[in-house]
Amino acid sequence: MPAPPILVVGAGPTGLVLALRLARHGTRFRIVDARSGPGEASRAIAVHARTLEFYDQMGIADAVISGGMKAEVLRVRKRGKDVARLRFGNIGAGISPYPFVLCYPQDDHERFLVARLAEAGVAVEWNTRLDAIAQDDEGVTATLGGVPARFAHVCGCDGARSQLRESLGLDFPGGTYEQLFYVADVELAESVGTDICINLGVGSFALLMPVRSSGGHRLIGAVRPGITRDDVDFEDIRGEVEPLLGIAVNRVNWFSTYRVHHRVAAHFRVGRCFLAGDAGHIHSPAGGQGMNTGIGDAVNLAWKLAAVVAGTAPAALLDSYEVERIAFARTLVATTDRAFEAVTGAGLGGRLVRSWVFPYVLPLLTGFAPVRRAMFRAVSQVRINYRESLLSGGSAGGVAGGDRLPWAVCEGADNFAPLRAMAWQVHVYGVVTPEFAAVVEAMGVTLHVFVWCAAAERAGLMRDAAYLVRPDGYVALAQARQDGEALRAYPWARGGLT
């Protein structure tokens, strides 16, 4: 049997989702990891709406939701006392079928994805380290645990200390904040339910999040300025954090300190090698964006690799990966840095945010539906778009090429349901002309026609317009008027859209 064309290095959430998507596309691969198994600490917790939409395509969203907990309330504390309650609930109702933030600890998440991969007939090769790579015009030779193997492409999902990135000689520019932070998985003496709790103050930032249905919680906070050594343990901070959050910790299951980095690799692609997730970008934990962004990288890359390997698309399709994902990574690092400074910085702006905006102004603003919707769009990643991509073109209604396909349910028909095919498709909301339908059929692309309804209009779709949708659920081409010839002339159609 010939060697698999793809090597995935790293079996965290990014690598596992990349592997599962490749498996769904029928692409052969190997996935390796230097660790001995999935992680054993909660680490990344938040699973956002866009990730759940990708998981719905894969048929695993419901199982993930059942294993996690929905974040319902944020309790804001000041000087150790509750001052406000922000209700999340279904904050994104009407925008996504998953209008909430899900808490699902990374170790459970990884074990779940590993099990789904096993069901697909693929086992992660644990204790297998990438030693080196060598590229040529025909492929990549990767040395794995001292044994060379040949691949068409290599994907580095191997974290912030990525061996692939180092082997490629890529710069990882950025910086590191001086402030020392702690993170812990704990069990509390008394239950506080599923509320998220945050205390903001100069040098006294502390956050409590539920992570397990069994009652486990995550603590994140700033080590007070008086402690300068790195070998901090929980007892050093217990006397401060418990009063700040109004809790008593009964047991500490895991504790670590860290400094926050903000970096983006110079490139996400060098020849036949690609970076995804923390291998390409790391930033502050503000908004819980890191893991979700890595999963977005994986989804973007998987269908493109699958199409090129299958010979249904030209190799130039792979050029779009870096263009689409590195721009978002750079924007994300900048925005999370600003949020991080507002929460932890010692300047006047940060003090105002902590003392007034967050505890008093924000709770008032979240009573208004437009503000709640804006907050959801900002955090959930549903507003990520690829309008500047070489794959994107046209506009119709409020939707342009490169936008996420808006969600709409018209007379019981969910327009996200066809996305589970993870294949190119055309959507029309209203009436399709016979001529246009004939062109779509001749191209071998599935046409989905939905009854026009108020939900489609609210979502920004245009009546009788045509939308060519990519395998990852983004609009490639938006046509205000059904134009079969323009669809046939779409550059990437010549490579085959199936």
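How many nonpolar, polar and charged residues does the lining of the second largest cavity have? By class, this lining has seven nonpolar, one polar and one charged residues. Here Ala, Val, Leu, Ile, Met, Phe, Trp, Tyr, Cys and Pro count as nonpolar, Asp, Glu, Lys and Arg as charged, and the others, Gly among them, as polar.

The structure is a predicted model, in which local features need pLDDT of at least 70 and side-chain atom pairs count only at pLDDT 80 or more, while totals for chains, interfaces and linings use all residues. Residues are numbered from 1 along each chain as its sequence is written, and side-chain values use heavy atoms, with hydrogens and water left out.

**Cavities**

The structure holds four cavities of 30 Å³ or more. A cavity is a set of points, on a 1 Å grid over the protein atoms alone, where a 1.4 Å probe fits but cannot get out; lining residues have an atom within 4 Å of a point. Grid points are joined across faces, edges and corners, and a volume is the space filled by probe spheres set on the points.

The largest cavity has a volume of about 50 Å³. Its lining consists of Arg50, Thr51, Phe54, Asn292, Gly296, Arg325, Gln381, Ile384, Tyr386 and Tyr474. Helices (H or I, at least four residues) and strands (E, at least two) are DSSP runs, numbered from the N terminus. By class, the largest cavity is lined by four nonpolar, four polar and two charged residues.

The second largest cavity holds about 50 Å³ of space. Tyr182, Ser204, Phe205, Ala206, Ala222, Ile237, Glu240, Val241 and Leu244 line the second largest cavity. Helix α6 (residues 234-245) gives the most to this lining, with four residues.

**The second largest pocket**

A pocket is an open set of grid points with protein on both sides within 12 Å along at least five of seven lines. The second largest pocket contains about 410 Å³ of space. Of the 20 residues that line this pocket, Ile95, Arg377, Arg404, Pro406 and Ala459 lie nearest its centre. Both α10 and α12 (454-458) supply at least two residues of the lining. The lining divides into 10 nonpolar, three polar and seven charged residues.

**Salt bridges**

Side chains of opposite charge can pair when their charged atoms come close. A salt bridge is a side-chain nitrogen of Lys or Arg within 4 Å of a carboxyl oxygen of Asp or Glu. A search of the whole structure finds 25 salt bridges.

| Salt bridge | Closest N and O atoms |
|---|---|
| Asp33 and Arg35 | 3.1 Å |
| Asp319 and Arg269 | 2.5 Å |
| Arg387 and Asp403 | 2.7 Å |

Burial is described by relative accessible area: buried means under 20%, exposed over 50%, and partly exposed in between (1.4 Å probe, protein chains only). Asp33 is buried at 8%, whereas Arg35 is partly exposed at 30%.

Asp319 forms a salt bridge with Arg269. Asp319 lies in helix α8 (residues 319-344) and Arg269 in strand β17 (residues 269-270), so the pair ties together parts that are 50 residues apart in sequence. Asp319 is partly exposed, at 41%, and Arg269 is partly exposed, at 22%.

Arg387 is partly exposed at 44%, whereas Asp403 is buried at 9%. A network of salt bridges also links Arg75, Arg77, Asp82, Arg85 and Asp195.
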